[in-house]
Amino acid sequence: MSNASKPDLRPLDLICLGRAAVDLYSEQVGSRLEDVSSFAKYLGGSSANIAYGTARLGLNTAMLTRVGDEQMGRFVREELARAGVDVSHVVTDPQRLTGLVLLGLKDSDTFPLIFYRRDCADMALSQDDFSPEFIASSRALLITGTHFSTAETYATSRTAMRYAREAGTRVILDIDYRPVLWGLTGLGDGETRFVSSDSVTAHLQSILPECDLIVGTEEEVHIAGGSEDTLTALRNIRALTDATLVLKLGAQGCTVLNGAIPASEAGFEVHRGVEVEVLNVLGAGDAFMSGFLRGWLRSENDAQCCAYANACGALVVSRHGCAPAIPDARELDDYLARAEQIPRPDLDERLNRLHRVAARRRPIQHDIYGMAFDHRKQLFDMARDVGADPERIKPLKRLLVQATERGAERGGVSDQIGVLIDDTYGQDALNEVTGRSWWIGRPVELPGSIPLELEGGRSIGSRLKHWPIEHIVKCLVFYHPDQPVATRLAQERQLKELYQACLASGHELLIEVIPPVPMPSNDETLPLALQRFYNLGIYPDWWKLPAPSRATWHRLETLINERDPHCHGVVLLGLDAPIDELKAAFNHSAGMAVCRGFTVGRTLFGQASRDWLAGQIDDATLVQRVSDNYLDLIESWRHRVAG
């Protein structure tokens, strides 16, 4: 085998050098930026967006940049890592802040934005932040145009390019021309995409000969080629480099030029774009580049590279945000396999569900050992029964957090802790556990309501807007397929509204289903209930169910795998059963992959909490007794045996 035909086995496919920032997107579509009242926070910066997008599409990507030693810098690092990006060379700069961008969505042609990047961290990237060996560990190096705009970043980028050329690492230039970042417009004019500048053209042309792939819009080709006539600009670029040139043509698609520039644009082989309703063009180019590189770095043909690129760009312009709007490989491949049947991908329910799955905050690859103390009515009644002030329920819930933490530590499952906590009596407890990587469910149902009603009224979306995104929306519904029609339809309507609210907010949803007493249940009751919800287009991320029989488990596993293979699975509840009875019931779930753990409450804390509320035991005794019960159930779960 010749050297030319040997596979390139370097650990990285791509290193992205350049901008990494935080985007603050207007939530009010149609407003002037002056009138915007709230913003959504996303990962931003062209290089970071491409690193994020290519990682989601399956490439082994690393980011080379700097971020500030503050909350936004940590956010950038964590978002990149969550997507699978190697962040070993995301350097923390203690002297500078992470860049910010404010963006508005006025209409389909107007996207005002302001860059807050004066002396920001990523523009301080230094030659000392990377080594020749790091650059050589990748098959390709991508640099975006902004990092040639100052003497310091120009020198750093040129050093990285030199290391790349010496190592046989291909160099990719995303022209990414923003006149404001070259000092050619007022500081508040981030929207302008083109200002002619001989000095910028000369600057860019000094690096073109060292590039293997150059990608840009027509305006970006104009600045790199020094002419506002596209063909002339392309010929000027071609005179300097043999690189593959990719010309983005907006909604029309793109063309790839590997050799001589055609005599006219009629000679372009245009790879057509995808029709979508445009919400937001910001970041579409980064998505386009992510898709193109997915094919180009795997040596796929131009048509396939462009199909990936056009589809990624189209999906992003139909969504809010940039990086989180980029599809992952599963979503992109699903779209391309069905493209002829999807005239509007932005409206396709299946695509949007796949995107929601991809956007989950973290994968769950282990069982959940959950302590459920989201009880409100039961604890209120308990306090009243023993003559305690219901306000004591609030410190009780904080003590239950301690018991959960202690039991998990003793059981060696501190990375698998789950809790269900309400905000009626448990807001302090919720605040205490939020941000600690615990699995956190938070109830929305009005306790005991049949038909189902939500706490705080019907406007659930306005409530979720103020919830941390890591909180899982938990809703208990007393549901039976044979309920009176009016009751069943009312409950289904409420669940559909809740599901839609979670789609809009991005929160995961857990639906807890308990057949109401005294309606008779059998092995079909729970599977029929879940099947009905799927038929209604409700796809929760989690189910919470009473521990069923072995026969029911087989039916549930078949149903969930067929209807929603992306569901995290089922966690089991306790219904205040004696702990030995609960252990026996849990054995039925042994070996069932769809069963992902338990979230049990009063079985673990009920009697101890009653004694504490009555003043019969102190805090330490409460914590010890509850953690003992919790540890006992953890050990029992680990040793479940079907039979």
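Student: In which sense do β2 and strand β6 pair, and over how many bridges?

Tutor: Please bear in mind that this is a predicted model. Two strands count as paired when at least two bridges are found between them. Here, five bridges connect β2 (residues 21-26) with β6 (residues 99-103), and the pairing is parallel. As one example, D23 has V101 in β6 as its bridge partner.

Student: How many bridges join β2 to strand β3?

Tutor: Six bridges link β2 with β3 (residues 39-44), and these two strands run antiparallel.

Student: Is strand β2 mostly covered or mostly exposed, and how many of its residues are buried?

Tutor: A residue is called buried when its relative accessible area is under 20%. In β2, five of the six residues are buried, so the strand is mostly covered.

Student: Which residue forms a salt bridge with R19?

Tutor: A salt bridge requires a side-chain nitrogen of Lys or Arg within 4 Å of a carboxyl oxygen of Asp or Glu. The partner of R19 is D176, with the closest N and O atoms 3.1 Å apart. This pair links distant parts of the chain: R19 is in the loop between β1 and β2, D176 is in the loop between β9 and α5, and 157 residues separate them. Both R19 and D176 are buried.

Student: What parts does the salt bridge between K583 and D632 tie together?

Tutor: The N to O distance of this bridge is 2.9 Å. Because K583 lies in helix α19 and D632 in helix α21, the pair ties together parts 49 residues apart in sequence. K583 is buried, at 17% relative accessible area, whereas D632 is partly exposed, at 31%.

Methods
Residues numbered from 1 in each chain as written. Predicted model: local features only at pLDDT ≥ 70, side-chain atom pairs only at ≥ 80, totals over all residues. Heavy atoms only, no water. Buried < 20%, exposed > 50% of the residue type's maximum accessible area, 1.4 Å probe, protein only. Helix = DSSP H or I, 4+ residues; strand = E, 2+ residues; numbered from the N terminus.
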